[in-house]
Amino acid sequence: MDFDGFFKGQLESVREEGRYRVFTEIKRHRGQFPHATRYVEDEQSEVTVWCSNDYLGMGQHPAVLEAMHRVIDECGAGAGGTRNISGNNHHHVLLENELADLHHKEAALLFTSGYVSNWAGLGTLAGRIPGCVVFSDALNHASMIEGIRHSRAERRIWNHNDPEDLDRHLSEFGSDVPKLVAFESVYSMDGDIAPIAEILDVCEKHGAMSYIDEVHAVGLYGPRGGGVAEREGLMDRITVIEGTLGKAFGVMGGYIAASADLCDFIRTFASGFIFTTALPPALAAGATASIRHLKTSEFERARQRDRVEKVRRKLDMLGIPHLPNPSHIIPVMVGDAHKCKRISDWLMDNHGIYVQPINYPTVPRGTERLRITPSPVHTDGDIDRLIEALSDIWSQCALARRSMAA
């Protein structure tokens with residue numbers, strides 16, 4: 001077989017669809033985010049980043065940086081290996097204690113990323129509980145889907161954010177069947193928020209465990225940044241809360257928070273935990289500092305909400321279509337992969353505005369979009385330049401606008 005020819009053919013088909021992914025080479029500068037330097041071959045230019053998941057700018061917060069500098073001087077660069085053998089650094093323990101407190105759970109368990117925490121958490125629970133059936137929301141993240149697949153457990157897909165459909169699926173199984181319901185709080189592409197209370201009502205009716213992914217919510221919602229479940233007073237009703245340290249907390253890593261026995265069960269049986277080198281202690285210390293800061297500071301969350309509202313209002317004034325939702329994510333809808341990429345390139349080349357195009361398979365074909373994530377560090381001037389540039393390219397591409405009434 002001509003392997004290279006096969007690879008080239010597959011890549012060419014993706015290019016023809018207009019959804020070939022081109023990575024933008026940038027360098028963030030401490031204290032200047034969302035402004036960064038873009039590199040194209042030997043040339044450099046300044047850009048404003050509008051698509052980062054560092055939602056609150058905590059990746060440059062002085063408390064986070066101080067903690068990381070201090071601990072790298074104390075502990076060195078790496079963790080020394082897996083936590084089972086040589087890497088269970090004191091700062092991992094401190095971080096897990098902080099996360100357990102954040103979610104009012106007995107314990108927490110740290111992973112190298114949010115993807116790994118979902119893959120290992122769901123895969124281990126569903127795979128090792130005899131006869132477990134998993135009920136997965138139709139729009140769950142790829143990491144949740146892969147974890148469920150890895151478990152080889154029976155699975156049912158229920159309609160997105162539809163507690164009645166979940167109830168229908170659960171009703172097909174008797175009380176003797178172990179059940180696990182997996183869903184998210186904030187869905188990252190549409191920005192919609194799950195009806196958590198109603199979903200938990202259904203879980204409790206059928207004696208099912210509940211597993212919620214709060215990766216796009218932790219740090220951002222709730223009085224201490226515990227997520228949407230904290231904001232709505234529901235954390236105590238959820239079996240497993242999963243989150244990330246790489247988005248609103250601005251560092252890196254993933255975790256679950258649950259009962260002490262459940263966390264110990266995952267720690268003992270999850271290959272994605274057992275055989276993976278632990279996070280560097282400095283990263284753990286930075287995440288701990290970020291969590292501690294956001295537990296007591298409302299400034300970043302309030303400022304972000306203000307920025308989001310301002311961008312939405314200005315988009316509405318110009319009729320640029322975006323999905324209405326109650327979250328911080330603003331999907332500006334294009335609906336064509338080629339145009340979405342063209343708009344993204346034009347914004348970057350002509351205005352130094354970086355908004356990554358979102359195409360299939362991340363979103364369904366025909367729903368291609370620009371995913372805008374305003375942060376507390378975007379200024380009024382940044383917002384005005386974004387809106388003016390979008391209005392200009394919308395006219396050039398003859399894309400439809402909508403009236404305020406629509």
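Trainee: Hi! Which residues does Thr112 touch, not counting residues up to four places away in sequence?
Mentor: Thr112 touches Met252, Gly253, Gly254, Thr276, Thr277 and Leu279. Contact here means heavy atoms within 4.5 Å. Before we go on, this is a predicted model, where local features need pLDDT of at least 70, side-chain atom pairs count only at pLDDT 80 or more, and totals for chains, interfaces and linings use all residues. Residues are numbered from 1 along each chain as its sequence is written, and side-chain values use heavy atoms, with hydrogens and water left out.

Trainee: Thanks. Where is Thr112 placed, and is Thr112 buried or exposed?
Mentor: Thr112 is in the loop between strand E4 (107-111) and helix H4 (114-128). Helices (H or I, at least four residues) and strands (E, at least two) are DSSP runs, numbered from the N terminus. Thr112 counts as buried because its relative accessibility is 19%. The cut-offs are under 20% relative accessible area for buried, over 50% for exposed and partly exposed in between, with a 1.4 Å probe and protein chains only.

Trainee: What about His141, where is that one?
Mentor: His141 is in the loop between strand E5 (133-137) and helix H5 (142-151). With a relative accessible area of 35%, His141 is partly exposed. Leaving aside neighbours within four places in sequence, His141 is in contact with Tyr115 and Glu184. The C-alpha atoms of His141 and Asn118 are separated by 9.2 Å, and these two residues are 23 apart along the chain.

Trainee: Got it. What does the pair H13 and H14 look like by angle?
Mentor: The axes of H13 (residues 337-351) and H14 (residues 380-396) come within 11 Å and cross at roughly 130°, and the two helices are therefore oblique to each other. Ile343, Trp346, Leu347 and His351 of H13 make the contact with Ala389, Leu390, Asp392, Ile393, Trp394 and Gln396 of H14.

Trainee: One more pair: which residues of H6 meet H7?
Mentor: Pro163, Leu166, Asp167 and Leu170 in H6 meet Glu198, Ile199, Val202 and Lys205 in H7. Five nonpolar, no polar and three charged residues make up that contact.

Trainee: Changing topic, how many disulfides are there?
Mentor: Zero, with a disulfide taken as a pair of cysteine sulfur atoms within 2.5 Å. Cys132 is in no disulfide, and the nearest cysteine sulfur, that of Cys203, is 12 Å away.

Trainee: Is Cys132 buried or exposed?
Mentor: Cys132 counts as buried, at 4% relative accessibility. Cys340 counts as buried too, at 0%.

Definitions and conventions: Nonpolar A, V, L, I, M, F, W, Y, C, P; charged D, E, K, R; others polar. Axes fitted to C-alpha atoms, helices over the stretch in contact; angles between N-to-C directions. Parallel < 35°, antiparallel > 145°, perpendicular 65-115°, else oblique.
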